[in-house]
Amino acid sequence: MNYLRNFIPKASTLLEPFYDLLNKEKYPCLPPLAAITQKLEHNFVIVKQAVTNSIKLKLFDPQSDTIIYTDASLTGAASVLFQKELKNGKDYLYPISFHSLCFTDTQQRYSTVECELFVVNSFYY
């Protein structure tokens, strides 16, 4: 979400209720179901629409430079495959594919580098 927030107007304001749910001081365990308010649901719909409207997948071009962004947490990882495209003399990155996965108990013990490489490698299988 951190990369995509650049495409979402007022992202900090819209995502604030989600970050609030991650506050360990406020919710040491999982947040109660009552914490999922109408505002949270409303913001989720707005963020989902903003991401959907801002991102248009492109077809893979074997001649273009390809970049893979990855991010891993303790429980899972995600990656996005981008390709550069020159428009008006400026390079833009366009998404080609998105991939995410949840780690098994064994995989959760991998180092951060291993987790991120694992998600890159899993693109191909």
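# Reading a predicted model

Visitor: Why is Gln83 called buried?
Guide: Gln83 has a relative accessible area of 4%. Buried means under 20%, exposed means over 50%, and partly exposed is in between, with a 1.4 Å probe and only protein chains counted. A value of 4% is under 20%, so Gln83 is buried.

Visitor: What kind of model is this, and how are its residues numbered?
Guide: The model is predicted, so local features need pLDDT of at least 70 and side-chain atom pairs count only at pLDDT 80 or more, while totals for chains, interfaces and linings use all residues. Residues are numbered from 1 along each chain as its sequence is written, and side-chain values use heavy atoms, with hydrogens and water left out.

Visitor: Where is Gln83, and which residues does Gln83 touch?
Guide: Gln83 is in strand 2, residues 76–87. Helices (H or I, at least four residues) and strands (E, at least two) are DSSP runs, numbered from the N terminus. Contact means heavy atoms within 4.5 Å. Leaving out residues up to four places away in sequence, Gln83 touches a set of residues including Leu59, Phe60, Thr66, Tyr92 and Ile96.

Visitor: What makes the pair Gln83 and Thr66 a polar contact?
Guide: Their side chains are joined at 3.1 Å. A polar contact is a pair of N or O atoms within 3.5 Å; within protein, one must be able to donate a hydrogen and the other to accept it, and residues adjacent in sequence count only if both atoms are side-chain atoms. The value of 3.1 Å is within 3.5 Å, so the pair of Gln83 and Thr66 meets the distance limit.

Visitor: Why is Asn88 called exposed?
Guide: Asn88 has a relative accessible area of 84%, which is over 50%, so Asn88 is exposed. Asn88 is in the loop between strand 2 and strand 3 (90–102). Asn88 has a positive phi of about 55° although it is not a glycine. Most residues other than glycine have a negative phi.

Visitor: What makes Ser122 a buried residue?
Guide: Its relative accessible area is 15%, and under 20% is buried, so Ser122 qualifies. Ser122 is in the segment after helix 3 (112–121). A polar contact of 2.9 Å joins the side chains of Ser122 and His99. Beyond residues up to four places away in sequence, Ser122 touches His99 and Leu101.

Visitor: How do you know that the length of helix 2 agrees with its residue count?
Guide: The expected span is 1.5 Å times one less than the number of residues. For the 17 residues of helix 2 (residues 38–54) this gives 24 Å, and the end C-alpha atoms are 24 Å apart, so the two agree.

Visitor: Which residues of helix 2 are buried, and how are they arranged around the axis?
Guide: Leu40, Asn43, Val47 and Ala50 are buried in helix 2. They cover an arc of only 90° around the axis, which puts them on the same side of helix 2. The arc is that of the directions from the helix axis to the C-beta atoms. An α-helix has 3.6 residues a turn, so residues three or four places apart point the same way. Gln38 and Asn53 are exposed on the other side of helix 2. The buried residues of helix 2 pack against helix 1 (11–21).

Visitor: Which residues of helix 1 are buried?
Guide: Ala11, Leu14, Leu15, Pro17 and Leu21 are buried in helix 1. They cover an arc of only 145° around the axis, so they are on the same side of helix 1. The face turned away from that buried side carries the exposed residues Ser12 and Thr13.
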